[in-house]
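Colleague: Please take me through one part of this model in close detail. Then set that part against the rest of the chain.

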Amino acid sequence: AGCAVVSKPASETPLSAIAIAVLSERAGLPAGLFNLLPSTQASDLGKEFTGNPVVKKLSFTGSTEVGRILMRQGADQIKRLSLELGGKNGCYVRADADLDLAVDVAVRSSFASAGQLCMHTERLILDESIAEDFLARFIPAVEALRVAMGWTEIVLSDDYAITLPDDEDGRQRHGSAWSAYPTQDACDADRDGGAQAPRVVEVRS
């Protein structure tokens with residue numbers, strides 16, 4: 001007994017899911033329990049997952065926009081959905097916070113692995129009394145991050161590791177990566193527009 005799974009990994013990053021499938025097979029998981037569908041046709045597969053009555057449960061991690069589409073498509077069957085969507089993870093810095101510590105944590109939690117982890121900070125909510133002081137420290141810390149190719153040898157004394165997509169051509173979209181560290185020894189961040197340095201956007205309410 002058990003629940004069979006059909007997994008569609010992100011088209012840009014399918015290798016980890018493929019590795020899971022291979023390891024599951026090596027571990028003796030019965031054939032047909034873990035099924036992998038690497039594809040660039042996400043829309044077509046989404047319609048199949050939401051419209052096929054054989055699929056009893058759908059789990060999706062991604063954008064709020066796509067989450068809404070899946071909810072609408074699954075509504076006729078009242079499809080059971082588990083959705084982990086965007087627009088989350090605010091970090092509140094209080095008036096009595098240790099600002100040096102808060103800045104260090106904010107940089108790491110925002111930009112490590114290019115901010116591509118689901119628990120990463122996406123918004124900083126600052127107490128008005130310390131906002132200017134915090135930003136005066138936070139913005140230079142962000143500007144100190146340097147972008148380089150992921151295989152560039154850099155001294156990792158302070159590991160603010162960032163991975164950014166290298167989008168110059170189709171080959172690079174499917175494999176290359178940029179990394180960033182707080183050091184002057186890395187190569188140029190912009191390389192003909194191939195990557196964007198980390199940025200801070202201030203919104204006042």
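Modeller: I78 sits in the loop between α3 and β4 (80-84). This is a predicted model, so read every value that follows as computed from it. The phi of I78 is near 50°, a positive value in a residue other than glycine. I78 counts as exposed because its relative accessibility is 71%, and the cut-off is over 50%.

Helix α3 covers residues 64-74, and L70 is part of it. L70 counts as buried: its relative accessibility is 8%, and buried means under 20%. Beyond its neighbours within four places in sequence, L70 is in contact with G46, T50, L58, F60 and L81. Take L81 from that list. L70 and L81 are eleven residues apart in sequence, and their C-alpha atoms are 8.5 Å apart.

Confidence comes next. In the chain it is highest in α3, at a mean of 94, and lowest in helix α6 (residues 170-173), at 35. Over residues 153-193 the pLDDT is below 50, yet this stretch has 99 contacts in the model beyond near neighbours in sequence. The chain averages a pLDDT of 77, and 71% of the residues score at least 70.

The largest nonpolar core has 13 residues. V93, V107, F111, F134 and F138 have the most contacts inside it. Helices α4 (99-111) and α5 (131-143) each supply at least two residues of this core. The biggest share comes from α4, with six residues. Leaving aside neighbours within four places in sequence, F134 is in contact with V93, L99, A102, V103, A106, L124 and L126. In soluble globular proteins, nonpolar side chains tend to be buried together.

The structure holds four salt bridges. One of them joins D100 and R137, with the closest N and O atoms 2.7 Å apart. That pair links distant parts of the chain: D100 is in helix α4 and R137 in helix α5, 37 residues apart. D100 is exposed, with a relative accessible area of 53%. R137 is partly exposed, at 31% relative accessibility.

The side chains of R108 and D104 meet at 3.3 Å, N to O. Both lie in helix α4, four residues apart, about one turn of the helix. R108 is partly exposed at 31% relative accessible area, and D104 is partly exposed at 27%. Salt bridges that share partners also join D100, D133 and R137 into one network. R94 and D96 form a further bridge, the closest N and O atoms being 3.2 Å apart. D96 is exposed, with a relative accessible area of 56%.

The surface has a nonpolar patch too. L15, I18 and V22 make it, with an area of about 250 Å². V22 is in helix α1 (residues 15-26). V22 is partly exposed, at a relative accessible area of 33%.

Last, the whole chain. Its secondary structure comes to six helices and nine strands. Of the 205 residues, 26% count as buried. The accessible surface comes to about 13500 Å², of which 54% belongs to carbon and sulfur atoms. Among contacts between residues at least 6 apart in sequence, 66% join residues at least 24 apart.

Methods: Residues are numbered from 1 along each chain as its sequence is written. This is a predicted model: local features need pLDDT of at least 70, side-chain atom pairs count only at pLDDT 80 or more; totals for chains, interfaces and linings use all residues. Side-chain values use heavy atoms; hydrogens and water are left out. Buried means under 20% relative accessible area, exposed over 50%, partly exposed in between (1.4 Å probe, protein chains only). Contact means heavy atoms within 4.5 Å. Patches are made of residues with over 30% relative accessible area and no salt bridge: like charges are joined within 9 Å, nonpolar side chains (Val, Leu, Ile, Met, Phe, Trp, Tyr) within 5 Å. Accessible areas come from the Shrake-Rupley method with a 1.4 Å probe; for residues, only the protein chains shown count as cover. pLDDT is the predictor's confidence in each residue, from 0 to 100. A nonpolar core is a set of buried Ala, Val, Leu, Ile, Met, Phe, Trp, Tyr and Cys residues joined through side-chain atoms within 4.5 Å.
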